[in-house]
Amino acid sequence: MKLIVHQDLHIPETEIVINCAHMDARLQHLIAFIRQYSFSLTGYQEDREFALPLEQIYYMDSVDAKTFLYMEKEVYSSRETLSSLEEKLAHTPFIRISKSCIVNTDHLVSVRPLFNHRLEAKLKNGETLIITRNYIEPLKNRLKGDSL
């Protein structure tokens, strides 16, 4: 793979162009990683609004019809539903792992089996999440690089 970086102060916006003969899983993962940097999500704490860089969000979940965004140590609320976030985050490393949770696979450390055909996911910040059986196969496919 060849990488060329052209820096010019007269360029108004950063543009990334990828020329390839074949789109393989590694390249798809790289593209998904780059896409994370193209936008942020809005999070709220008390009466303050924050732009949260997508790559710093570990996971998001919904509890009692409220959506929360979890960073390494901080938690923010969101005004968006989990379904709208899932749709917005298609083709990024985020994937739904239960009816109420979406995880950033870039922050996954390990996955281990539990009883009742469920899995436990451990994140880089030490937190653990439960992957329910309906979401195991899509997660496995994502981790193999089949569908970013």
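The side chain of Arg96 reaches the backbone oxygen of Lys99 at 2.5 Å in this predicted model, where local features need pLDDT of at least 70, side-chain atom pairs count only at pLDDT 80 or more, and totals for chains, interfaces and linings use all residues. Residues are numbered from 1 along each chain as its sequence is written, and side-chain values use heavy atoms, with hydrogens and water left out.

Arg96 sits in strand E6, residues 94–98 (strands, E, are DSSP runs of at least two residues and helices, H or I, of at least four, numbered from the N terminus). Arg96 counts as buried because its relative accessibility is 9%, buried meaning under 20% relative accessible area with a 1.4 Å probe and protein chains only. The Arg96 side chain also makes a polar contact of 3.1 Å with the side chain of Glu86 (a pair of N or O atoms within 3.5 Å, one able to donate a hydrogen and the other to accept it; residues adjacent in sequence count only if both atoms are side-chain atoms).

Asp61, in strand E3 (residues 59–63), is buried too, yet has no salt bridge (a side-chain nitrogen of Lys or Arg within 4 Å of a carboxyl oxygen of Asp or Glu). Its nearest side chain of opposite charge is that of Arg96, 11 Å away; Lys and Arg count as positive, Asp and Glu as negative, and His and the chain ends are not counted. The side chain of Asp61 does have a polar contact with that of Tyr70, at 3.2 Å.

How values were computed
Buried < 20%, exposed > 50% of the residue type's maximum accessible area, 1.4 Å probe, protein only.
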